[in-house]
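The following questions and answers concern the structure shown below. Please keep it in view while reading.

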Amino acid sequence: MAASSPTMPTGPSPASGEGAILEGPGPASAQAVTPLPPPRPLGWRGAFRVSKVVYDEFSFQSIYALKQGNTSAPLQERRGGDPTEKARRRVAQSKGMVAFLLFMVISVGAIGLRAQSALGLSLTPVDYATSVIAGELLLIFSLLWMTGLQVAPTLLGSRVFPLLSTLPLSKKDMERVGFIVFLRIFDAPAIMAAIYLPLAVAVVTGSALAGLVLIPGTLVTVVLSCAISLVTARFFIVRVSGAEGGTPGSLALRWVYLLVWSLPSLAITAFVAFSLQILDLMSFWESANPGAFRTLLLVYPFPFAYLASIALYPNLDAYHLLTDPVLWGTIALYIVVALGSLRWLRRAPVDLSLAAPRSTRSAHLRGTDLHVGRPSLAILHKDLRIASRTPGYAFLIILPLLDAFILGLSTVIENPAPAAAERFAIAAVTVAALLATFFGPAFFATEVLGFSFTRTLPIPRRTLLLGKASLILIIYVLAALLVMGLVAGRVGDPLPFILFAAAELPAVMAAAFFELGVLFHRAEKTGIPVTNLYSGAWWATLVVLPGLAVAGAPLVLYELGQNYDRALAVPSMAVTALLLLGATAAWALWGGRSATQA
Amino acid sequence: MPSTTVDPLEITNLTVTYGSVTAVDRLNLRVHAGEIYGLLGSNGAGKTSTMKAIVGLVNPASGSIRVAGLDPVTQDMEVKALVGYVPETALLYDALTPREFLEFVASIRQLKFEAYGGLVRELVGALQIGPDIDRPLATLSNGTKQKILLVAGFLHRPRLLVLDEPFNNLDPRSVRIMRDLLTAYVRVGGRAALFSTHTVEVAERLCSRLGILDQGKLQGEGTLSELRSQVALPQATLEDVYLNLTTEGSAVSRAVEMLSGKV
């Protein structure tokens, strides 16, 4: 220790200071060290209390994780109220929206139980009711799985449980906290599914027994969907988010895995789009191959649906399944699997959160060459790479393509006349254009992940805007090509469709410029470089809805042109789209200084 | 084109505020070519805010900054092209690998392979990050992320390096390498580095001149001997000087008294 002057404070020194501090006053030997008693177990009540804090942190990270690196965000949030309370409210809104969606789906399905004669299907009443109820259960499964896929990675990656594990909490208490938090994430949708489906079936059919019999099947569905959410979330964290890069093969493999992510939404869309075709198929199957149909009734979720149907029509057990031990055996098996899953779910949120992240294969150096390209392409490239490891972003690309695919496929399945097929194709491209416009601005949110660094790079506004807008355009073009590929054999003359898709292209670009321009302008004005579009309804209203209006204006003109003068429909659409593109590009690309000056 | 004869950094009466909080208060400092200027101060002293103002992350409330004679507010693109910044917290695109991140930075800076190729190879080798170059940043340690940021900061051979606590997460070997590298780097091309730290030893060993910041104000500036003169302690260590110039000295003595039971 150097000599201190009279003005210097008495600083701690290794010789006298620090030791004395740690030992406290008096001789060290006089200080008997009394070990602290082990902490009392929290119990469920204590775990619930702790879970409130964990849940708040989860909510905060769900809503605000994208604002990492945003230096001004705390000040902005202070003006807008307590950010934690706001996050909690927005997570509650999200859960409410999923619960409402389930309410709608279940209601429509339940009403469908009475619509067999109106639909003119030849299925027996039992098989019809079984198919409808099984469809309902699969929809609930898919919706809860899709919801879980959105939120479970945030929970597992939130680092809350590693932090909790440093506190004197027993493993059992930690698991209780984790389980309660997990339940709270799913509470509103799960309760809606578990209670409302049996209730709706009972009310619509007038059979309380049918509702009661359906309860185990609904609970099994809820538990299995929660479990698969967690399993797939962990899979994505390891195989997608944590996967090694560096080769085109690894990139392609990640995108293949990401397609799994879209399975639940594919199932939902397919169920909704093809429900009648599926019922038709069931009808055909029932008459053509009753043996196979009977086997299908033993596959989840059909046994549960069949039991409810037999409760509705007790004398119509044509397959004599009620007396078949195989049916009861499979039902028991599904219940045992669900109970096992429930048991696993009690410890899985904590176990999976604490599991060490690992790379999918050992890393080895493949040289240090860098592939350097144009700045706007670098932004596009970066976004695609981020999306390939971030299922939430990948979903924004996949969903418009998926919807275009489903709608294109319906054209093939329904086998319409060429003119009608053209209308189908145009509708599919319209949906893709609107979805690309709807989801595209969310890609601006990727900038915030490393924004404190990126803002120090010399990125001009035009470069960033072009990079972002080109991604939206790529989604649209891919969707249009996908539809074209599917309907190519159905439409007589593909030229009108190609002209339609080409005429809409500038409008999609214009909408992208408009939406991104609003985001940039706001960033420059407030210091908030970006926002998570799904965290504020007013902001979505300001950005996305006007964007949809820009993309939709030429489409409206096209429809009007169809009614008045078909020859002018596409030209008027193209001119409008080009005018919109000119106006929005001028405003967005040259309307400010630099994009990184937020 | 900025002149190499102009000082890499000149700050005049810089004030940075966050709402009612003044983080930097009328700061004046100048960093000459060939210098590593150390900003020494405790947490919240205003070091990071000063650096954020230089690289354009926050706008000054008043005062001016000139980087090689250019204004970061009105000539932000030019200034960003001249500055290499290593932030205090390694907030990066976690979904990218180091290679992908460096490719992004090199593309944005429009670098030519001949300009960065050898440098990247040498830095990656010296800092031993080769095996991690294709693993997502999310799976890497904070130290490795910090190394990636250092490589990115050097990539375009900037005129001014702005390094905010750059050695916080590094192992001793990497600290030594970076220290040697920085010392050699600023010797040529009119370059300089502004370096913040709250570790006295690092500042003492690395920096040509030091500025001691406390509560947003520059309390002392110069070489170690000049600082000793300022506090009239010819034999004092930098730690002594630092404690003497900041308000932390009295707080430390109070805490020591309380913990040792004297109060």
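Two strands pair if DSSP finds at least two bridges between them. Helices (H or I, at least four residues) and strands (E, at least two) are DSSP runs, numbered from the N terminus. The model is predicted: local features need pLDDT of at least 70 and side-chain atom pairs count only at pLDDT 80 or more, while totals for chains, interfaces and linings use all residues. Residues are numbered from 1 along each chain as its sequence is written, and chains are lettered from A and ligands numbered from 1 in the order in which they are written.

Q: Which residue of E4(B) is the bridge partner of Glu10(B)?
A: Strand E1 of chain B covers residues 9-18 and pairs with E4(B) in the antiparallel sense over 5 bridges. In E4(B), the bridge partner of Glu10(B) is Arg66(B).

Q: Which are the edge strands of the open sheet in chain B?
A: Three strands form this antiparallel sheet, in the order E2-E1-E4 of chain B. An edge strand pairs on one side only, and this applies to strand E2 (21-31) and strand E4 (62-67) of chain B.

Q: At about what angle to E1(B) does helix H1 of chain B run?
A: Axes are lines fitted to C-alpha atoms, for helices over the stretch in contact, and angles run from 0 to 180 degrees between N-to-C directions. Two residues are in contact if their C-beta atoms, placed from the backbone, lie within 7 Å. Helix H1 (residues 47-55) lies across E1, E2 and E4 of chain B, and its angle to E1(B) is about 115 degrees.

Q: Why does chain B count as being as compact as a globular protein of its length?
A: Chain B has 10 helices and 9 strands. The radius of gyration is taken over C-alpha atoms, and the globule rule is 2.2 Å times the number of residues to the power 0.38. For 263 residues the rule gives 18 Å, and chain B is as compact as a globular protein of that length because its radius of gyration is close to this, at 19 Å.

Q: Is Glu504(A) buried or exposed?
A: Glu504(A) is found in helix H20 (residues 495-526) of chain A, and its contacts beyond four places in sequence include Val429(A), Pro554(A) and Met573(A). A residue is buried if 20 or more other C-beta atoms lie within 10 Å of its own, exposed if 12 or fewer, and partly exposed in between; C-beta atoms are placed from the backbone. Because Glu504(A) has 26 C-beta neighbours inside 10 Å, it counts as buried.

Q: Which element gives the largest share of the side of domain 1 of chain A that touches domain 2 of chain A?
A: Chain A has domain 1 (84-353) and domain 2 (375-590), with bounds from an automatic or database domain assignment. Their contact takes 21 residues from domain 1 and 15 residues from domain 2 of chain A. On the domain 1 side, the elements that give two or more residues include helix H9 (208-241) and helix H11 (263-288) of chain A. The largest share, 7 residues, comes from H11(A).
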